[in-house]
Amino acid sequence: MSKSRITIKDLARELNISTSTVSRALADKWDVNPETRKAVLELAEKMNQYWSNFIKTGDPNGDNVPAWSTYTDDNKSTMVFDTTSGERVDYDAELQELISQ
């Protein structure tokens, strides 16, 4: 993600649900499954916390978010945001190789 704000499309893509469902969950509509609402709110908070930390300090790490290591040639760690957000090493290695060619 290269932009500095989290969008409904970002949340929908990461949770594999529709943008309409994300919008309704954020608006606390009655027709959203409580588990879906919880997943949307938790992911939105986590993504926003990383951006907020990065903007304030230049480092995305902070309280209440999983540690995010610096990406280096030796440590190819990437933070993946989804229902099981976390740091992955060499995530999408084949895709990264293709892009770097």
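Thr21, Val22, Ala25 and Leu26 in helix H2 meet Thr36, Arg37, Val40 and Leu41 in helix H3, where a contact means heavy atoms within 4.5 Å. The residues of this contact divide into five nonpolar, two polar and one charged. The model is predicted, so local features need pLDDT of at least 70 and side-chain atom pairs count only at pLDDT 80 or more, while totals for chains, interfaces and linings use all residues. Residues are numbered from 1 along each chain as its sequence is written, and side-chain values use heavy atoms, leaving out hydrogens and water.

**Helix packing**
- H2 and H3 pack at an angle of about 85 degrees, with their axes 9 Å apart.
- H2 and H3 are therefore roughly perpendicular to each other, a term that covers angles of 65 to 115 degrees.
- Between H1 and H2 the angle is about 110 degrees and the axes lie 8 Å apart.
- This angle makes H1 roughly perpendicular to H2.
- In H1, Ile8, Lys9, Leu11 and Ala12 meet Thr19, Val22, Ser23 and Leu26 of H2.
- By class, the contact of H1 with H2 has five nonpolar, two polar and one charged residues.

**Nonpolar core**
- The largest nonpolar core has 15 residues, of which Leu11, Val22, Val40, Leu43, Met47, Tyr50 and Phe81 touch the most other members.
- Such a core is a set of buried Ala, Val, Leu, Ile, Met, Phe, Trp, Tyr and Cys residues joined through side-chain atoms within 4.5 Å; buried means under 20% relative accessible area, with a 1.4 Å probe and protein chains only.
- Helices H1 (8-15), H2 (19-26) and H3 (34-57) are the elements that give two or more residues to this core.
- H3 gives the most to this core, with five residues.

Definitions and conventions:
Buried < 20%, exposed > 50% of the residue type's maximum accessible area, 1.4 Å probe, protein only. Helix = DSSP H or I, 4+ residues; strand = E, 2+ residues; numbered from the N terminus. Axes fitted to C-alpha atoms, helices over the stretch in contact; angles between N-to-C directions. Parallel < 35°, antiparallel > 145°, perpendicular 65-115°, else oblique. Nonpolar A, V, L, I, M, F, W, Y, C, P; charged D, E, K, R; others polar.
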